[in-house]
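Work through the exercises below with the sequence and the model side by side. Each task is followed by a solution in steps.

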Amino acid sequence: MLDRAGRAVLERLAMAGDASLFALRATRALVTPPFEVRETVRQLYELGLRSAPLIAVSGLAVGVVLSMHTRASLERFGAESMIPAGLAIALVRETGPLTAGLLLSGRIGAGIGAELGAMRVTEQIDALEATAVDAFRYLVVTRVAACIVALPILTTLMNFAGMLGGFVAETAITGMTLTLYFERAFSLIDMTDYIPATLKTMVFGFVIASVSSYLGYTTSSGTEGVGRASTRAVVLSSILLIVTNVVLVRLIFFFFPEAAG
Amino acid sequence: MTARPASAPQERRRTGRTPSTVAVRLEHVSKSFGTRKVLDDVSLEVRTGTAFVILGRSGTGKSVALRHIVGLMRPDAGRVFVGDDEVNTLEGAELSRVRKGIGFLFQNAALFDSITVGENVAFPLRRHTRLKDADIRARAREKLAAVGLAREYDKMPADLSGGMRKRAGLARALALDPALLLVDEPSAGLDPITADEIDQLLLDLKEGGGTTIVIVTHNIPSARQLGDELVMLHEGRIVARGTPDDLAGSDDPLVMAFMTSHNTG
């Protein structure tokens, strides 16, 4: 039994090593020509624009719920006027980036894992290579680049949708106007809240795309392997995203101490 | 710009060398997966302009040999040449240059399922030529028409039957007019009539001249009809080679059993 456990640990370590090398290769290819611009734009549409409805609707719902919780807490102190600002800070600094990241690791991670996995088992990746196309650049690097660009944009959308959701909840209870709501919402946040927290989602994008691509690209065992790649892509990229978030928040506090205030 | 190599005089002027009369050469190639040896010291030569058939039962390393030729696999030992290029040592742009001269028809066609049939055929043209969009479409239509799929340009691969997919795969493999065509199990999974249609397309191509064809199959009638030269693989080793008649007349029990089987793929 110990033997089996040891082997399982070694296999996991070997996979982690493989995945790291894969991500390193993707990083190098991201900054060295030739660039697959056309395919990257297509992926930006497929992975980014097509995720916008999910992010917008989820953002609205998160905003409504957060607003209701914030109201319940602040009402005790007679500080209801702080609800928009409190909600904006929570959304921009953490809730927006992390929720968007997790939602997208589900949608994009599963999609990339399944698509590349299916392409691997049906020999489409081999067909690309045989057609003298660098399949890694064409399939992996384009998806990684698209995710790095799409995540901050979708996070910003999430933030705004969340604030809009908060407004809907607030106006339903207090009749607050849109102008007053957003005036209060933006009263306590500045660029040091927005920029580091939003830019960290570029790392989320890299993590989601490279982990999912690795699992899809190296799929074996037929359709069963495709399903496994898709599931593992979601699970692994979500876990890695949460762990990465902890590290990034520490780094943000180190380099932008005012963001911790 | 097309992938067809220069003519012999052009090649001589450019490089000062006479182009190779051997299109493909495997020298003592061995390949293992784990402890299983799939190719064991395999050597063969395919002469330019001929149709060469690799025969053998399933799992004897035929497709693996084909994948070595296009550089999708690297041998554990031995060397693989396409013309004068040692494929197993090439990478990046050099490997791409060789691959542009090779068409590969995969066993299940391996059409890109997110784009239309026409765009599948146009794909190599878009990647490797500077033709205008209209010319690329016209050429893709022409290639599809040659395999009897002129009306399927805008269909998705999922909407095609197995035989049609294979014909579309053949059209894509021929899009750049390659000097070398590799065909993996052309009749696998097809009914006998559709398999005959695919064989006829390959036969037409062979009779058209100019294209070297390497076919992997376990379909005996197909092999006899198409092949100028045949080799038979068994457990990773070549156990027989010669013309279809040589193999048909072989007194090796293994070859006899295989050549007289009624398997039609």
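**Exercises on a two-chain model**

Read along the sequence, chain A has the pattern α-α-α-α-α-α-α-α-α. The model is predicted: local features need pLDDT of at least 70, side-chain atom pairs count only at pLDDT 80 or more, and totals for chains, interfaces and linings use all residues. Residues are numbered from 1 along each chain as its sequence is written, and chains are lettered from A and ligands numbered from 1 in the order in which they are written.

**Exercise 1.** State how many helices and strands chain A has, and what share of its residues is buried.

Step 1. Helices are DSSP runs of H or I with at least four residues, strands are E runs of at least two, and both are numbered from the N terminus. Chain A has nine helices and zero strands.

Step 2. A residue is buried if 20 or more other C-beta atoms, placed from the backbone, lie within 10 Å of its own, exposed if 12 or fewer, and partly exposed in between. In chain A, 43% of the 261 residues are buried.

**Exercise 2.** Find the order of the four-stranded open sheet in chain B and its edge strands.

Step 1. Two strands pair if DSSP finds at least two bridges between them. The order is 2-1-4-5, with antiparallel pairing.

Step 2. Strand 2 (36-47) and strand 5 (85-86) of chain B each pair on one side only, as edge strands.

Step 3. Strand 1 (residues 22-33) and strand 4 (residues 77-82) of chain B are joined by five bridges.

**Exercise 3.** Locate E123(A) and D177(B), give their phi values, and decide whether each is buried or partly exposed.

Step 1. Most residues other than glycine have a negative phi.

Step 2. E123(A), in the loop between helix 4 (83-121) and helix 5 (124-130) of chain A, has a positive phi near 65 degrees. E123(A) counts as buried because it has 20 C-beta neighbours inside 10 Å.

Step 3. D177(B), in the loop between helix 6 (162-173) and strand 7 (180-184) of chain B, has a positive phi of about 50 degrees. D177(B) counts as partly exposed because it has 14 C-beta neighbours inside 10 Å.

**Exercise 4.** Identify the cis peptide bond that ends at P34(A), and place P34(A) in chain A.

Step 1. The bond runs from P33(A) to P34(A), with omega near 0 degrees.

Step 2. P34(A) sits in the loop between helix 1 (2-31) and helix 2 (37-48) of chain A.
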